[in-house]
Amino acid sequence: MEVLIEETAHNVAKRVADFVERLIVTSPAPVLGLATGATPVLAYQELIRRYRAGTLSFERTRVFLLDEYVGLAAGHPGSYGSTIRRELIDHIDMATDALMVPASDAASLRASSHCYDAEIRDAGGIDLQLLGIGSQGHIGFNEPGSSLSSRTRIKTLAASTRRDNGRFFGGADEVPRHAVTQGIGTILDARQLLLIAIGSTKAKAVAAAVEGPITSMVPASALQLHPHATVVLDHSAAADLQLAEYYAVVQRHKPQWLRPEQAAE
Ligand code: PGA
């Protein structure tokens with residue numbers, strides 16, 4: 001696992017946008033996995049800026065969203081499908097049918113829980129999956145206790161998640177009780193994982209995920225099993241890491257030929 005610690009949230013956003021841009025310019029048919037929530041918003045703004053500057057096009061890009069609430073009316077502003085359109089897709093040149101969102105209506109959920117994973121597979125798999133992290137260590141809506149080999153399925157949200165996300169709904173009680181989320185096994189199938197965390201409220205979860213034992217009690221710790229996982233943090237989110245100085249040394253002395261911008265050339 002590579003750990004990148006940036007001075008500011010803006011630098012985190014630029015770093016994340018660099019990863020996305022590198023994929024898009026090097027792949028003939030890039031498949032991105034995107035997350036919603038507060039964390040990736042600045043990165044999405046940076047991607048929109050690059051698109052408007054004419055340096056980046058999303059025409060060939062397909063997107064699979066990480067998760068979606070169950071029970072919200074179509075087009076509800078709090079739904080993750082609406083959120084990703086509002087925060088990114090509506091502002092770039094991606095084809096409208098290139099966004100896939102996990103089906104979360106009762107009929108689809110009864111019909112097949114593995115359908116989304118099949119769609120991801122049929123698209124050739126996800127090249128780069130962006131992830132946030134919950135304050136208790138969840139990724140997607142894989143709450144503590146989730147199977148490390150789980151596939152896309154319905155989950156009941158933890159009380160802490162409903163509390164944390166109440167700010168998007170006008171209170172925790174308004175947050176749906178269920179969501180459909182890519183499973184941890186689904187997430188681990190992506191060719192590259194990019195976990196982003198900003199702010200001190202994530203410091204404990206980040207330290208547990210990056211430096212603690214691999215356990216279903218900290219779903220993000222499953223990233224330790226992935227051969228190509230990168231964690232991009234600001235200083236506050238990195239505050240509880242024991243090896244922060246080592247991660248900085250790794251970056252300072254990284255051989256030129258191992259730097260991703262070199263690999264992309
Ligand atoms: P946040 O949520 O980006 O809104 O902090 C991240 C998460 O819960 O995974």
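Where is the place of T186? I began with this residue and found T186 in helix 7, residues 184-188. Helices (H or I, at least four residues) and strands (E, at least two) are DSSP runs, numbered from the N terminus.

**Basis of the entries.** I note that this is a predicted model, in which local features need pLDDT of at least 70 and side-chain atom pairs count only at pLDDT 80 or more, while totals for chains, interfaces and linings use all residues. Residues are numbered from 1 along each chain as its sequence is written, and side-chain values use heavy atoms, with hydrogens and water left out.

**Entry on T186.** Is T186 buried or exposed? T186 counts as buried because its relative accessibility is 6%. The terms are as follows: buried means under 20% relative accessible area, exposed over 50%, and partly exposed in between (1.4 Å probe, protein chains only). I then listed the contacts of T186, leaving out residues up to four places away in sequence: D117, I120, S150, R151 and T152. A contact means heavy atoms within 4.5 Å.

**Entry on the ligand.** Which residues surround the ligand? I found G37, A38, T39, G132, I133, G134, H138, R167 and K202 around the ligand, where a residue is counted if one of its heavy atoms lies within 4 Å. By class, this shell has two nonpolar, five polar and two charged residues. Here Ala, Val, Leu, Ile, Met, Phe, Trp, Tyr, Cys and Pro count as nonpolar, Asp, Glu, Lys and Arg as charged, and the others, Gly among them, as polar.

The distance is 2.5 Å for T39, 2.9 Å for R167 and 2.6 Å for K202. Taken alone, the ligand exposes 280 Å², and the protein buries 85% of that. Accessible areas come from the Shrake-Rupley method with a 1.4 Å probe; for residues, only the protein chains shown count as cover.

**Entry on the core.** I next examined the largest nonpolar core, which has 71 residues. Such a core is a set of buried Ala, Val, Leu, Ile, Met, Phe, Trp, Tyr and Cys residues joined through side-chain atoms within 4.5 Å. The residues with the most contacts inside this core are L34, L88, L130, L233 and L241. Helix 1 (residues 9-26) gives the most to this core, with eight residues. For L233, I recorded contacts with V3, L4, I5, E6, V12, A197, V206, A238 and L241, not counting residues up to four places away in sequence.

**Entry on L66.** L66 lies in the loop between strand 3 and strand 4. With a relative accessible area of 3%, L66 is buried. Beyond its neighbours within four places in sequence, L66 is in contact with several residues, including L34, L130 and T181. The C-alpha atoms of L66 and T181 are 6.1 Å apart in space, although the two residues are 115 apart in sequence.

**Entry on helix 3.** In helix 3 (residues 80-87) I found Y80, G81, S82, T83 and I84 buried. What covers them includes strand 2 (31-34), helix 2 (41-52) and helix 6 (159-165).

**Entry on S57.** S57 sits in the loop between helix 2 and strand 3. Its relative accessible area of 30% makes S57 partly exposed. S57 touches I24 and D93, not counting residues up to four places away in sequence. A polar contact of 2.6 Å joins the side chains of S57 and D93. I use the term for a pair of N or O atoms within 3.5 Å; within protein, one must be able to donate a hydrogen and the other to accept it, and residues adjacent in sequence count only if both atoms are side-chain atoms. The side chain of S57 also reaches the backbone nitrogen of E59 at 3.2 Å.

**Entry on D127.** Which side chain is joined to D127 by a polar contact of 2.8 Å? The partner is R191. D127 is found in the loop between helix 5 (115-122) and strand 6 (128-131). D127 is buried, with a relative accessible area of 14%.

**Entry on S221.** S221 lies in the loop between helix 8 (203-211) and strand 10 (229-234). At 0% relative accessibility, S221 counts as buried. Leaving out residues up to four places away in sequence, S221 touches A208, A209, P213, I214 and T215.
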